[in-house]
Each structure stands twice: as structure tokens, then as C-alpha cells.
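Colleague: Could we go through this model together? I would like to follow it one part at a time.
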Amino acid sequence: AALTVQVAYQLPERHMLLPPPPPPPVWLEAWTDKRAEISILVGMLMVLTLIFLFQDYLVRQRRVFSFVRVGFLAFTLGWLGYYAGGQLSIVNIMAYIQAPFTGAIWSYFLLDPIIFIVTIYVALTLFILGRGVFCGWLCPFGAFQELLAKAAKILRVPQIKIGRTIQERMWAVKYLAAITVIGLAFYSVDL
């Protein structure tokens, strides 16, 4: 005859062979690896937000504004552009625009945290401020152009002045070109 005895014993976890935990998503590793860069970028965007909050005061203080602007643009060019690679391009923007229509997996956008954070900030400020802050403050290429123009003025390089009438007519060309590029991207990315 067999005897069944109840024992209130449980094997300690360290002796159990458990299946390995599922690996974390790939994008999470990118965010973990770039913790320092993300912190610097968030600080940079906080400073930019403060600049916009106090812009009325800053623009009244011409020298202070010039110092803040040149310093911020230099940081944008050096750190965001060259070091962190945070240059948004039409490719990034089109990928975000096309994603809902193509069934793209949104976690792919999280693979580059710097571009993702800059994109979200630019989109939010576009709706909150009613204007884009990227071209004037966060674009490394634009920062390079503006800093180069300032250096050229200091070095007395002759400047070409374009009249307001011509500039206004060229704005239409600029927006027409942008609409064409966006339209072609929906039609065929190769175009």
C-alpha cells in the first residue's frame, strides 16, 4: 500500500531552471546606449523652450540675444549636428507622414532616439507656437549657414542683398517645391 504525505516545501528559485526572460525590444537598447545624449538633448530643448518663453525680454537686449543665439547655434551645429547626428531630413519627415498609410512598424522610429525626440519636439512646437522651430534653431545645416554668414560679415566679405519683392516671389517657389516633393514621395519614394 502506498502512503501519500503532503509536504509544504517549495524549491528555491535559484535551483529552478526557468526559461530565459524575453529579450527587451531592440529600440530599448538604443535608448539605453544613448542615455547621456538623450539627457543633453532634453536639456538643450528645455533651454530652447526657455528662450521662446522669454523671447520678448531677450530681443529687447540686443547683445544678450545675439550671444544666446550664436551660442545656441554653435551648440546645434557642433553637438546636435556633428556629434549626435540630429539632422532631420525630408527622408525622416516623409517616413513619419507615410507610416500610417504603409503600415510601418512604429518601433522602427524609436531606433534613433535623437531624431525621434527632435521630431516630436518640432511637431509639438509647431502646434503650440504656430511655427516651426527646427529651421531657425535646431537645424545643424541652417546653424552652419547662419554662423558662416555672421563670420563673413565680421571678415567684411561682400554680401549680396536680394530685394523684398524677389524674396516674396521666391517663397511661392519654395512652397511649391515642398508640395511637389511630398506629393512625389507619396507616389514613389524613388522619385
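Colleague: Which residues does L41 touch, not counting residues up to four places away in sequence?
Modeller: Please keep in mind that this is a predicted model. L41 touches W79, L80, I114, I117 and V118 when residues up to four places away in sequence are not counted.
Colleague: How many residues are in the largest nonpolar core, and which have the most contacts inside it?
Modeller: The largest nonpolar core has 24 residues, and L41, L48, L80 and L138 are those with the most contacts inside it. At least two residues of this core come from each of α2 (35-53), α4 (62-83), α6 (113-129) and α7 (134-138).
Colleague: Which helix gives the most to this core?
Modeller: That is α2, which gives seven residues.
Colleague: Let us turn to α4. What span should its 22 residues have?
Modeller: At 1.5 Å a residue, the 22 residues of α4 should span 32 Å. The C-alpha atoms at its ends are 30 Å apart, so the two values agree.
Colleague: Where is the kink in α4 centred?
Modeller: The kink in α4 is centred on T76 and comes to about 25 degrees. T76 is also one of the buried residues of α4, together with R69, F72, L73, L77, W79, L80 and G81.
Colleague: What covers those buried residues of α4?
Modeller: The covering elements include α2, α6, α7 and α8 (140-154). Just after α4 comes G85, which takes a positive phi of about 65 degrees.
Colleague: And α8, how many residues does it have, and how far does it reach?
Modeller: α8 has 15 residues and reaches 21 Å from its first C-alpha to its last, close to the 21 Å expected at 1.5 Å a residue. Its buried residues are P140, G142, A143, L147 and A152, and they pack against α4 and α7. After α8 comes R156, with a positive phi near 60 degrees.
Colleague: How many salt bridges does the count come to?
Modeller: The count comes to two salt bridges. In one of them, the side chains of R69 and E146 meet at 2.6 Å, N to O. This pair links distant parts of the chain, since R69 is in helix α4 and E146 is in helix α8, 77 residues apart.
Colleague: Is R69 buried or exposed?
Modeller: R69 is buried, because its relative accessible area is 12% and the cut-off for buried is under 20%. E146 counts as partly exposed, at 23% relative accessibility.
Colleague: Which side chains meet at 3.3 Å, N to O?
Modeller: Those of R164 and E168 meet in a salt bridge at that distance. The two residues are four apart in helix α9 (residues 164-187), so about one helical turn separates them. R164 is exposed, with a relative accessible area of 58%, whereas E168 is partly exposed, with 40%.
Colleague: Back to α6. What is T125 in contact with, leaving aside its neighbours within four places in sequence?
Modeller: T125, which is in helix α6, is in contact with G130, R131 and V133 on that basis. T125 counts as buried, at 8% relative accessibility. T119 also lies in helix α6 and is buried, with a relative accessible area of 15%. Leaving aside neighbours within four places in sequence, T119 is in contact with L88 and Y96.
Colleague: One last topic: where does R14 lie?
Modeller: R14 lies in the segment before α1 (26-33). R14 counts as exposed, at 72% relative accessibility, and a polar contact of 3.5 Å joins its side chain to that of H15.

Definitions and conventions. Residues numbered from 1 in each chain as written. Predicted model: local features only at pLDDT ≥ 70, side-chain atom pairs only at ≥ 80, totals over all residues. Heavy atoms only, no water. Core = buried A, V, L, I, M, F, W, Y, C linked by side-chain atoms within 4.5 Å. Buried < 20%, exposed > 50% of the residue type's maximum accessible area, 1.4 Å probe, protein only. Contact = heavy atoms within 4.5 Å. Expected span 1.5 Å × (residues − 1). Bend = angle between axes of the 7 residues up to and from the residue. Polar contact = N/O pair within 3.5 Å; in protein donor to acceptor, adjacent residues only side chain to side chain. Salt bridge = Lys/Arg side-chain N within 4 Å of Asp/Glu carboxyl O.
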